[in-house]
Amino acid sequence: MVAPAERREAVAYLRASYEVSERRACEAIKVERTSMRYRRRRADDAELRVRLRALAAERRRFGYRRLKIMLDREGLHMNIKKLRRLYAEEKLQVRRRGGRKRAVGTRRPMTLPQGPNQRWSLDFVADAFSDGRRFRVLCVVDDFTRESICLVPDTSLSGKRVARELDAVIARRGKPLMIVSDNGTEFTCNAILKWTQDCGVEWHYIAPGKPQQNGFVESFNGRLRDECLNETLFHSLSHARDVLAEWQFDYNQVRPHSSLNGRAPALISLPSCSAASRPLRVGCADGLRPALTQPARDGWDDIGRDEETALDRTKKHRQDGLGGNRGLYF
């Protein structure tokens, strides 16, 4: 009997069963008589509870912190501790969907973009239709604003298709300084290597078996799967495209991001970078140092040492294996 409500119920039971006074019943179970006459004065917050339940039903994978941001936008302000109490009383806790293995060992320095449109991250996410057929989604993310630049679902996504989609995005918002991806066959094929030479965009591959080096798009993939793919049963490719387009608009325009202090990527109003803007920087123990966009040294041309192209460097990397040139990694 810890809660006051349980104590009052116990006293009422003793009085009804043994026909004793309130004083005798309180003395028997060591309960203060003042607590028996206490009347709750706290408001029930009915309107707030209704709106909280509606938001939680609409966004089933949001916790109480993001729900508080959504309520603040609507003018419903309250203390975070009160919201957490109401959140728990309404039993709106998000059930965790299992854990994942954490990376162990030394991590390489991660390049830090200094503005929008400086670095994009690419990756694929797989799912299935209701009839069992598989499809994949090409995800392109701006690492600075966390904006979802492109979501392309299809049953077949080759390297040539990836190049066409990148051309369409660049025509809409300009070229980035760098693109980061894993070592999948779609990203290491001759079509992508030729595209990088034609467009002049720096392409960096992460180390094999190190997805944490591409953490921005991996985090986005988790949100996409948790909030959209796992919540929707897709019937056709056109249905998947419509649902993903709607979710992408909500992700960029409405959804609060903890890394952006609760703002949406669309609210990050900074001028896009150009080739002459500030270089990307690498985080290290002694601060930030310029990297990856340094001018060519004496004896080097714009393409590389002895006119070495990206295709030549990648072929050398494939021949050398893991013990070869590490310059493609960051």
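This note goes through the predicted model point by point.

1. Basis. Residues are numbered from 1 along each chain as its sequence is written. In this predicted model, local features need pLDDT of at least 70, and side-chain atom pairs count only at pLDDT 80 or more, while totals for chains, interfaces and linings use all residues; side-chain values use heavy atoms, without hydrogens and water.

2. Overall make-up. The chain contains 12 helices and eight strands (DSSP runs numbered from the N terminus: H or I of at least four residues for helices, E of at least two for strands). Of its 330 residues, 39% are buried, meaning under 20% relative accessible area with a 1.4 Å probe, protein chains only.

3. The sheet. Five strands make an open sheet with mixed pairing, in the order β4-β3-β2-β5-β6; two strands pair if DSSP finds at least two bridges between them. β4 (148-154) and β6 (202-205) are at the edges with a single partner strand each, so one side of each has no neighbour in the sheet. Strands β2 (residues 119-128) and β5 (residues 178-181) run parallel and are joined by three bridges. R119 is opposite M178 in β5.

4. Helices α7 and α9. The axes of α7 (residues 159-173) and α9 (residues 190-199) come within 8 Å and cross at roughly 30°. Axes are lines fitted to C-alpha atoms, for helices over the stretch in contact, with angles from 0 to 180 degrees between N-to-C directions. α7 is therefore roughly parallel to α9 (angles under 35 degrees). Contact means heavy atoms within 4.5 Å; among the residues making it are L166 and I170 of α7 and W195 of α9.

Terms used: Parallel < 35°, antiparallel > 145°, perpendicular 65-115°, else oblique. Buried < 20%, exposed > 50% of the residue type's maximum accessible area, 1.4 Å probe, protein only.
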